[in-house]
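Dear colleague,

I am handing over the structure we spoke about, with the sequence alongside. My notes on what I found follow below it.

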Amino acid sequence: MPRPTRWWFLAVVLAVLGTVPYWLDNSYMVGVLILAYLYGVFASSWDFMSGQTGRENFGHALFVGGGAYTAAFLNVKYGMSPWWSLPAGGVVAVVLGLVIGLPTLRLRGPYFALATLAAATILQRLTIILWEQTGGEEGISDLMPLVSSPVAFYYLALGFVLVAAAVLVLLARSPWGLLLRSIRGDEAAAQAAGVNITLHKIGALLVSAFFAGMGGAFYAHYQLQVGPTMFSITVSITVVIMSYVGGIGSVYGAVGGAFVLTLMAEALRKVGEFRLLFYTLVLIAILFFLPRGLIAPLWRRLRNGGSAP
Amino acid sequence: MTALLEVTGLHKQFGGLTAVKDVSFTLAPGTVTGILGPNGAGKTTLFNLLTGFIQPDSGDIRFAGTKLRGMAPHRVVNCGVSRTFQIARPFHHMTVLENVAVACLAPRVRREHDGRYLDRARALLEQVGLAPKAAWAVEILTYGDLRHIEIARALATDPRLLLLDEPFAGLGAGEIRPLAAIVRKLRDRGISILIIEHKLREMMRLVDRVIAMEFGEVIADGTPTEIGRDPRVIASYLGRKEPVDGVA
């Protein structure tokens, strides 16, 4: 039983997720799933840059928040259609990516990681300082929804994460993806093999930023409100953890990691104030016992028809 | 014949240490040249300068008429100068085939080979005898196999000049012989080779000429026989009074 196992597994998952609005009569849980899909876009786009090239981005919220605020400005202040927000959010995130990536990705050492961390924090502060434009702590509200019915929103989010993940997985498996992984393997050896490492790292960052920015804009038009927390370190770190839990470097694993962790966080609401404690314990357990993550090794196991990879 | 590589007055200082001091030499096309010298003589720094990994303080490097000084490493590769590393540097988390395929994606190589980079990577693995292990993860290879990957990867970029940094280090006699045979085959194909090696006997059999270095300076330059008899080389490197066994 070689490959078909995988496709059966994928078909079952898609069949279950694709019919959720028909058997799950709980609009709250449908909302949680939409959130899980959007985090799937954030995490898989993070993994495309950091998982493939090995250069950690600790400020992915920069792109998510950048996309979200772009959506809010265009839609609320300039009255543009919410559909413009997705490409515009992506483009603004790409510009932010250029500003961060151009000076720092040519250097060795922690500069890129530190710059991303700092940049997200700076933008979060700016949303407070420039409160007259950004609404300060309150943020900007009254965004228009992308679609009006919750069911349509559900399918839109599901389609969004599937398309984003498919594009990113295909790119990661293309010859370009091979070059990106060689950078993670050994930068000097990649250079000796003729790879322009700076160019490709910046390229990967821009692709990553574009999808995160679109995701941020989508998120804004789902929450119908944006605020400074979109730029917060919590968002950045959550995305990193989701990628690690899914299995770093696989892109699709990050989507699974986002799904599992979002649902887990939701399930843990029952234990009230112990929630964070449990959440952290489960995380430590996963990282300790499954250092390659939860989703990527499972997927590989399915390909091999049940035997170890 | 005009020189393939022309190095003039190359100089590199790290703080108070002069790693490479006013080094000049030329390499003729199709030759194998050894670089000899004790640890710290500046051999690897010289390689790093030639391949763009380090920029020199002064001096000039010309390869087939093109000025290499100031170029980034990947552009030097694109000009036709490739290198291996003293300690094998495989791409981790990748298969043997992928390790070599990366180098087949270099822009000039890809244009010249019609984009069939995986076929080319397979052919190169065949050349270095690693074809049966193409799908293996590099983590489970022996050190000797990793050395062969280094060479296959350097060859993938179609170099006219190949710089080998201690290709035999850490290998047993049984592993050195096939590797030396590969180096000879490359020379016969017209690839010029510059080789750093401490395994004297093996190197002296491979090279047409030896450049000896000490404290960043070239102290002797000649045929293996001449170098084996040179009193300064004997004093600095060999530490013996009599000529080197099997060399002179």
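In this predicted model, the largest nonpolar core holds 166 residues, and the members that touch the most others are A:Ala68, B:Val100, B:Val102, B:Ala152 and B:Ile195. Helix 11 of chain A, residues 197-223, supplies the largest share of this core, with 15 residues. Once neighbours within four places in sequence are set aside, B:Ala152 is in contact with B:Val100, B:Leu124, B:Leu125, B:Gln127, B:Val128 and B:Leu130.

Another of those core members, B:Ile195, belongs to strand 8 of chain B, which spans residues 192-196 and is largely enclosed by the rest of the structure, because 5 of its 5 residues are buried. The burial concerns both faces of strand 8, with B:Ser192, B:Leu194 and B:Ile196 on one side and B:Ile193 and B:Ile195 on the other.

As for its partners, strand 3 of chain B (residues 32-36) runs parallel to strand 8 and is joined to it by 4 bridges, with B:Gly34 standing opposite B:Ile195. Strand 7 of chain B (residues 161-165) also pairs with strand 8 in the parallel sense, over 5 bridges, and here B:Leu162 has B:Ile193 as its bridge partner. Together with helix 7 of chain B (residues 173-188), strands 7 and 8 make a right-handed β-α-β unit.

Finally, the contact between the chains takes 17 residues from chain A and 22 residues from chain B. On the side of chain B that touches chain A, the elements giving two or more residues are helix 2 (73-79), strand 6 (81-83) and helix 3 (96-104), and by class that side has 12 nonpolar, 6 polar and 4 charged residues.

With best regards

Notes. Residues are numbered from 1 along each chain as its sequence is written. Chains are lettered from A and ligands numbered from 1 in the order in which they are written. This is a predicted model: local features need pLDDT of at least 70, side-chain atom pairs count only at pLDDT 80 or more; totals for chains, interfaces and linings use all residues. A nonpolar core is a set of buried Ala, Val, Leu, Ile, Met, Phe, Trp, Tyr and Cys residues joined through C-beta atoms within 7 Å. A residue is buried if 20 or more other C-beta atoms lie within 10 Å of its own, exposed if 12 or fewer, and partly exposed in between; C-beta atoms are placed from the backbone. Two residues are in contact if their C-beta atoms, placed from the backbone, lie within 7 Å. Ala, Val, Leu, Ile, Met, Phe, Trp, Tyr, Cys and Pro count as nonpolar, Asp, Glu, Lys and Arg as charged, and the others, Gly among them, as polar. Two strands pair if DSSP finds at least two bridges between them. A crossover is right-handed if, with the strands pointing away from the viewer, the path from the first strand over the helix to the second runs clockwise.
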